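Please read the points below with the model open beside them.

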Amino acid sequence: MSAGGAAVPPPPNPAVSFPAPRITLPAGPDILRTYSGAFVCLEIVLGGLVWILVASSNVPLPLLQGWVMFVSVTAFFFSLLFLGLFLSGMVTQIDANWNFLDFVYHFVVFVFYFGAFLLEAAATSLHDLQCNTTMTVKPLLGDNEYNINVAATTWSLPL
């Protein structure tokens, strides 16, 4: 109690008095000025590059490199779709938490590309493995295929 006999109310809780921050992603071409837009553009460019590089090798290990191709092609097309939704402004018509969907999308693409990176690195590391093909023993990957796989491994890591 104070000197006048009236009770002093407790100070407000600062955690309750401030509104929660709300971050919204812009629609239209302004999405390209955000980190999310830059990541999607990188996923399109580098994903297409990995797709081209793996497809240009002879794919000596289809189980490993097939997964790399699946990830790069799928992520390439979903990145195009995701970017197209923002560029066309369709995100304003779809009631969803786009901040959360953006985070989940980039996380899933990161996990899949990291797995693809590990598999492509494993396939590339076997380049000296000797294979017996039609009575001749030769390396699993030739020098040119090895270089292509090194490039595909390198470009799949940043995604």
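**Notes on the predicted model**

1. Arg33 is exposed, at 73% relative accessibility; exposed means over 50% relative accessible area, buried under 20%, and partly exposed in between (1.4 Å probe, protein chains only). Its salt-bridge partner is Asp30, with the closest N and O atoms 3.6 Å apart. Asp30 counts as partly exposed, because its relative accessibility is 37%. A salt bridge here is a side-chain nitrogen of Lys or Arg within 4 Å of a carboxyl oxygen of Asp or Glu. Side chains of opposite charge can pair when their charged atoms come close. The structure holds one salt bridge.

2. On provenance: this is a predicted model, in which local features need pLDDT of at least 70 and side-chain atom pairs count only at pLDDT 80 or more, while totals for chains, interfaces and linings use all residues. Residues are numbered from 1 along each chain as its sequence is written, and side-chain values use heavy atoms, with hydrogens and water left out.

3. The chain has five helices and two strands, in the order α-α-α-α-β-β-α from the N terminus. Helices (H or I, at least four residues) and strands (E, at least two) are DSSP runs, numbered from the N terminus.

4. How many cavities of 30 Å³ or more are there? The count is one, and the largest cavity has a volume of about 30 Å³. A cavity is a set of points on a 1 Å grid over the protein atoms alone where a 1.4 Å probe fits but cannot get out; lining residues have an atom within 4 Å of a point. Grid points are joined across faces, edges and corners, and the volume is the space filled by probe spheres set on the points.

5. Ile31, Ser36, Gly37, Val40, Phe82, Leu83 and Phe86 line the largest cavity. Two elements, helix H2 (35-56) and helix H3 (62-88), each give two or more residues to this lining. By class, five of the lining residues are nonpolar, two are polar and none is charged. In this scheme Ala, Val, Leu, Ile, Met, Phe, Trp, Tyr, Cys and Pro are nonpolar, Asp, Glu, Lys and Arg charged, and the others, Gly among them, polar.

6. Leu83, in helix H3, counts as buried because its relative accessibility is 10%. Beyond its neighbours within four places in sequence, Leu83 is in contact (heavy atoms within 4.5 Å) with Ile31, Leu32, Val40, Cys41 and Ile44. Leu83 and Pro29 lie 54 residues apart in sequence, with 9.7 Å between their C-alpha atoms.

7. Ser36 lies in helix H2 and is buried, with a relative accessible area of 7%. Setting aside residues within four places in sequence, its contacts are Leu25, Phe82, Asp102 and His106. Asp102 belongs to helix H4 (residues 98-125) and is also buried, at 10% relative accessibility. With residues up to four places away left out, Asp102 touches Leu25, Ser36 and Phe82.

8. Of the 159 residues in the chain, 31% are buried. Among contacts between residues at least 6 apart in sequence, 70% join residues at least 24 apart. The chain exposes about 10300 Å², and carbon and sulfur atoms supply 72% of this area. Accessible areas come from the Shrake-Rupley method with a 1.4 Å probe; for residues, only the protein chains shown count as cover.

Key. On a 1 Å grid over the protein atoms alone, a cavity is a set of points where a 1.4 Å probe fits but cannot get out, and a pocket is an open set with protein on both sides within 12 Å along at least five of seven lines; lining residues have an atom within 4 Å of a point.
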